[in-house]
Amino acid sequence: MTLHKEHDFFQRVDCKGVQDAERLVQCAKREPLTDGGLRTAELLSQALVNDPHHHEAQILLERLYQMFVPRWHFPMLADKVRNRAYAAAISAKVRPGDVVLDIGCGAGLTAMLAARAGAKHVYTCEQQPLIAQAAVRVIEANGLADRITVIPKMSHNLVVGVDLPEPADVVISEIVDTLLLGEGALATLEHAMRKLAKPHARAIPERGALMAQLVESDKLLNLWRPQKAEGFDLSAFHHFATVAQITPNDFATFGLRPLGSATDLFQFDFVRPDTRVARRTEDLECSGRGTIHAVFVFFEMNLAPGIQLTNDLHSDGHWGRTAFLLDRPIPAEPGDLLRIRAHHDASQFSLSAHKLPACSDQDDLAWDGPDFPANCSDRAFFPTRHGITRRRAIL
């Protein structure tokens, strides 16, 4: 074949590849997403095999992945503190011969840790088909396909005798957000421990708690409630910013300063989950002079005895943070009190706050009625679940 003929041949091949890619992209655009994006992803991927530079195929595939694969998966998988804690807890609690149910497969990491710990078999469920498909590939690549079964279903739809041959000895999950509740962990684990596990099954994590703490941070307030821009007053816009969802990068720069010790709000048992509504009133006391800008709420989660994860003021990792901004900054002295009312319905959390007058009598300090006194300034706050830092709006 002469050089000229060879050039013509490859030009025809390239032209055919471009045409085939365009046809596949048009098919992908007409494909319904009722299968969770599986067929659409397949068509777009094949289009890029035919034409690796196809602009629309690249854009559509990236949009599809962003739609169905939350971005927080990646920093979570890179979180060495979180990974080491789960590895240690699974090693401590999974025994040789155990049947393990892993809820929320993701990339398959916790399922593979359970197999490595000696589980007879791991059944891991993942409701998003694209993620489940990728997990199968990850597990196969690590030589564990014979010991791990990926089930592309929600755990609520699993049936013992159909999806699992027998109830699980251990239930593993990592389905919590920055306030523990936003991914429906309590309801999911209540169902799993009752319907899919043996009567005395173990769970990872075992327990969790939500804590509250008064904090000061000018940088936090300046980002979420800037007073002016180019000389214009923006304060009438501030009522939209009641809950600050703080990314790990912002958290590292905000310098949140505690103005008092952390106070326990709610305790959660993940082995015997309780999904009843709960309310709590607490008076948070300032231990030093400063300006109260927000109530910082964080979790502590016990995976196994002696193994804990937290997103408190001193922790690191991929977790975002949640701070409930006050209506206005409050100058505070040691001994000053801020009364908060916290409320959760097993999936969502709210918090309201007001400063107690310094001269309040004991009856007022002990008050715990359904609403704050009419003369008090208070605001209800509702958190969100983070995007890349694992948060989703739950209003």
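Author: Happy to. A residue counts as buried when its relative accessible area is under 20%. Cysteine 125 has a relative accessible area of 2%, so it is buried. Please keep in mind that this is a predicted model.

How far is its sulfur from the closest cysteine sulfur? The distance is 8.3 Å, and the partner is cysteine 125. A disulfide is a covalent bond between the sulfur atoms of two cysteines. The cut-off for the sulfur atoms is 2.5 Å, so cysteine 105 and cysteine 125 are too far apart for a bond. A search of the whole structure gives zero disulfides.

From here we can turn to open space. The largest pocket holds about 750 Å³. It is lined by 39 residues, and those closest to its centre are Gly104, Glu126, Gln127, Ile175 and Glu183. Which elements supply at least two residues each to that lining? They are helix 3 (55-68), helix 4 (73-77), strand 1 (99-103), helix 6 (109-116), helix 7 (129-141) and helix 8 (185-196). Helix 4 gives the largest share, three residues. Sorted by class, this lining has 17 nonpolar, 13 polar and nine charged residues.

The second largest pocket holds about 390 Å³. Its lining counts 21 residues, with Tyr65, Val69, Leu130, Ile131 and Ala134 the closest to the centre. Two or more of the lining residues come from each of helix 2 (38-50), helix 3, helix 4 and helix 7. Here the largest share is that of helix 7, with seven residues. By class, the lining divides into twelve nonpolar, four polar and five charged residues.

Leucine 180 is in the loop between strand 4 (168-173) and helix 8. Its phi is near 70°, a positive value in a residue other than glycine. Leucine 180 has a relative accessible area of 2%, so it is buried. Alanine 346 sits in the loop between strand 16 (337-344) and strand 17. Its phi is positive, about 80°, although alanine 346 is not a glycine. With a relative accessibility of 8%, alanine 346 counts as buried.

Another backbone detail is a cis peptide bond between isoleucine 204 and proline 205, with omega about 5°. Proline 205 belongs to the loop between strand 5 (197-204) and strand 6 (207-216).

Now for the aromatic rings. How many aromatic pairs does a search of the whole structure find? It finds six. In one of them, the rings of phenylalanine 237 and phenylalanine 240 have centres 5.0 Å apart and planes at 65°, so this pair is edge-to-face. Phenylalanine 237 and phenylalanine 240 are exposed. Phenylalanine 266 and phenylalanine 349 make an edge-to-face pair as well, at 6.3 Å from centre to centre and 85° between the planes. This pair links distant parts of the chain: phenylalanine 266 is in strand 11 (residues 263-269) and phenylalanine 349 in strand 17 (residues 349-355), 83 residues apart. Phenylalanine 266 and phenylalanine 349 are both buried. Ring pairs join Phe266, Phe268, Phe324 and Phe349 into a cluster.

Rings meet charges here too. Over the ring of phenylalanine 251 sits the charged end of arginine 321, 4.0 Å from the ring centre. The charged end of arginine 82 sits over the ring of tyrosine 86, 5.5 Å from the centre of that ring.

Arginine 23 is part of helix 1 (residues 3-30). Its relative accessibility is 47%, so arginine 23 counts as partly exposed.

How values were computed
Residues are numbered from 1 along each chain as its sequence is written. This is a predicted model: local features need pLDDT of at least 70, side-chain atom pairs count only at pLDDT 80 or more; totals for chains, interfaces and linings use all residues. Side-chain values use heavy atoms; hydrogens and water are left out. On a 1 Å grid over the protein atoms alone, a cavity is a set of points where a 1.4 Å probe fits but cannot get out, and a pocket is an open set with protein on both sides within 12 Å along at least five of seven lines; lining residues have an atom within 4 Å of a point. Grid points are joined across faces, edges and corners, and a volume is the space filled by probe spheres set on the points. Helices (H or I, at least four residues) and strands (E, at least two) are DSSP runs, numbered from the N terminus. Ala, Val, Leu, Ile, Met, Phe, Trp, Tyr, Cys and Pro count as nonpolar, Asp, Glu, Lys and Arg as charged, and the others, Gly among them, as polar. Rings of Phe, Tyr and Trp (its six-membered ring) pair if their centres lie within 6.5 Å; planes under 30 degrees apart count as stacked, over 60 as edge-to-face and the rest as tilted. Buried means under 20% relative accessible area, exposed over 50%, partly exposed in between (1.4 Å probe, protein chains only). A charge sits over a ring if NZ of Lys or CZ of Arg is within 6 Å of the ring centre and within 35 degrees of the ring normal.
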